[in-house]
Amino acid sequence: MAFAPKACSLFLVVLLGVCIQLNGAQHVPGARCKCPGTIMHTQEIIDDFEIIEKTHYCDTTEIIVTLAEDGARRCLNPVGRKAKFFVNCWNRINKDDKQKRRCLKRKAE
């Protein structure tokens with residue numbers, strides 16, 4: 001009878017480990033996006049931008065701009081005019097980081 005408590009304890013430890021692994025593997029859409037909130041536009045001068053396409057852990061395309069004045073980073077709403085401009089320009093330059101300045105020099109209309 002001394003074997004039963006040890007086996008039961010081992011079973012509980014293994015079960016706890018499985019539960020912890022399953023909890024970490026849960027997929028929550030949008031939970032790991034870099035942009036928790038977005039803005040439609042900014043009047044400030046943009047120094048750089050980054051486009052993060054949809055992934056399995058974030059279900060929206062993210063457009064992150066870096067402001068020239070203070071280096072702050074802002075997330076643009078992907079349906080906004082300026083965000084669409086950056087996405088189109090990014091696709092036009094074939095996603096080449098070296099040509100990003102072309103998009104920054106042009107004005108979003």
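**Core and disulfides**

Analyst: Happy to. The largest nonpolar core has 16 residues, and F49, I63, V65 and F86 have the most contacts inside it. A nonpolar core here is a set of buried Ala, Val, Leu, Ile, Met, Phe, Trp, Tyr and Cys residues joined through side-chain atoms within 4.5 Å. This is a predicted model, where local features need pLDDT of at least 70 and side-chain atom pairs count only at pLDDT 80 or more, while totals for chains, interfaces and linings use all residues. Residues are numbered from 1 along each chain as its sequence is written, and side-chain values use heavy atoms, with hydrogens and water left out.

User: Is β2 mostly covered or exposed?

Analyst: Mostly covered: six of its six residues are buried. Buried means under 20% relative accessible area, exposed over 50%, and partly exposed in between (1.4 Å probe, protein chains only). On one side of β2 are E62, I64 and T66, and on the other I63, V65 and L67.

User: What does β2 pair with?

Analyst: β2 pairs with β1 in the antiparallel sense over six bridges, and with β3 (residues 73–76), also antiparallel, over four bridges. Two strands pair if DSSP finds at least two bridges between them. F49 has V65 as its bridge partner in β2, and I64 has C75 as its partner in β3.

User: Switching to cysteines, how many disulfides are there?

Analyst: A search of the whole structure finds three, a disulfide being a pair of cysteine sulfur atoms within 2.5 Å. Counting bonded cysteines along the chain, the pattern is 1-3, 2-4, 5-6.

User: Which cysteine is joined to C33?

Analyst: C58, with an S to S distance of 1.9 Å. The torsion about that S-S bond is about 105°, so the disulfide of C33 and C58 is right-handed.

User: And C35?

Analyst: C35 is joined to C75 (S to S 2.1 Å). C35 lies in the loop between α1 and β1 and C75 in strand β3, so the pair ties together parts that are 40 residues apart in sequence. Both C35 and C75 are buried.

User: What about C89 and C103?

Analyst: Their sulfur atoms are 2.0 Å apart. C89 is in helix α2 and C103 in helix α3, 14 residues apart. The link of C89 and C103 is left-handed, with -95° about the S-S bond.

Conventions. Helices (H or I, at least four residues) and strands (E, at least two) are DSSP runs, numbered from the N terminus.
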